[in-house]
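Here are a few exercises to work through with the model open beside you. Try each task before reading its solution.

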Amino acid sequence: MAANEKDDDLEEAKPSKKKKFLMLILLVLLLLGISAGGLFVYEKFFNDKNEGPTPEEIAAKKAKEELEQRLLQKEIYVPLGAPFTYTVKGERRTHNGQLELVLVVIGEENEALAKKHLVLLNSVVFDKLSAQTYESLLLPTGRNRLKRELLDAVRARMTEVAKAPVVEQILFTSFVLQ
């Protein structure tokens, strides 16, 4: 009988160990479920994340849109009217010159400003042309320098008048010296 009692105790002990193990697994699963639920509730209701974009993201987006807008605008060529005929002082005598210019502007707004102030731009060009010498205009470097001076003068004058440089580039379509 003592052996029977030992067998009964073993049989009772085995199910209780299984029950304890199952209870432990259920407890761990319950804790994991509660943790996941608590995390979900916290993220959903209590976390103060801004759902909108940050100021840096807004500024970057705006800059990108402005760049795209500028790229969509096309170059427009605005002729300065009739060719400029001017006299140029040389070492031995005075020479005649004739110059045709085209202004390169970007966008219709700048085109309208350039056309509106065409007479003013003609005056600026004549002022710069009258300060040139024959010898300085003979070489390509002299003509390139004249082009830079004209661009700087035109941009400066347009900035004074229209609060924007307006002109992107100046092109010579005809350049004659006699």
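**Exercise 1. Find what His117 touches, leaving out residues up to four places away in sequence.**

Step 1. Locate the residue: His117 sits in the loop between helix 3 and helix 4. Helices (H or I, at least four residues) and strands (E, at least two) are DSSP runs, numbered from the N terminus.

Step 2. List the contacts, where contact means heavy atoms within 4.5 Å. His117 touches Met158 and Val161.

Step 3. Check the burial of His117. Its relative accessibility is 15%, so His117 counts as buried. The classes are buried under 20% relative accessible area, exposed over 50%, and partly exposed in between (1.4 Å probe, protein chains only).

A word on the ground rules: this is a predicted model, in which local features need pLDDT of at least 70 and side-chain atom pairs count only at pLDDT 80 or more, while totals for chains, interfaces and linings use all residues. Residues are numbered from 1 along each chain as its sequence is written, and side-chain values use heavy atoms, with hydrogens and water left out.

**Exercise 2. Search the whole structure for salt bridges and place each one.**

Step 1. Apply the criterion: a side-chain nitrogen of Lys or Arg within 4 Å of a carboxyl oxygen of Asp or Glu. The search finds three salt bridges.

Step 2. Take the pair in helix 3 (residues 108-116). Lys115 and Glu111 meet at 3.1 Å, N to O. They are four residues apart, so about one helical turn separates them. Lys115 is partly exposed at 48% relative accessible area, whereas Glu111 is buried at 18%.

Step 3. Move to helix 6 (residues 140-162), where Arg145 and Glu149 lie four residues apart, about one turn of the helix. Their side chains form a salt bridge at 2.9 Å, N to O. Arg145 is partly exposed, with a relative accessible area of 25%, and Glu149 is partly exposed, with 25%.

Step 4. Stay in helix 6 for Arg157 and Glu160, which are three residues apart, about one turn of the helix. This bridge is 2.6 Å, N to O. Arg157 is partly exposed at 32% relative accessibility.

**Exercise 3. Work out which residues of helix 4 are buried, and what covers them.**

Step 1. Check the length. The expected span of a helix is 1.5 Å times one less than its number of residues. For the 13 residues of helix 4 (residues 118-130) this gives 18 Å, and the end C-alpha atoms are 18 Å apart, which agrees.

Step 2. Pick out the buried residues of helix 4: Leu121, Val124, Val125 and Leu129. Viewed down the helix axis, the buried residues fall within an arc of 135°, so they line one face of helix 4. The arc is that of the directions from the helix axis to the C-beta atoms.

Step 3. Turn to the other side of helix 4, where Val119, Asp127 and Ser130 are exposed.

Step 4. Look for the cover. Strand 2 (84-89), strand 3 (94-106), helix 3 and helix 6 are among the elements over the buried residues of helix 4.

**Exercise 4. Identify which members of the largest nonpolar core touch the most other members.**

Step 1. Define the set: buried Ala, Val, Leu, Ile, Met, Phe, Trp, Tyr and Cys residues joined through side-chain atoms within 4.5 Å. In soluble globular proteins, nonpolar side chains tend to be buried together.

Step 2. Of the 27 residues in this core, Leu101, Val125, Val154, Val167 and Ile170 touch the most other members. Helix 6 gives the most to the core, with seven residues.

Step 3. Follow one of these residues. Beyond its neighbours within four places in sequence, Leu101 has contacts including Phe84, Val125, Leu150 and Ile170.
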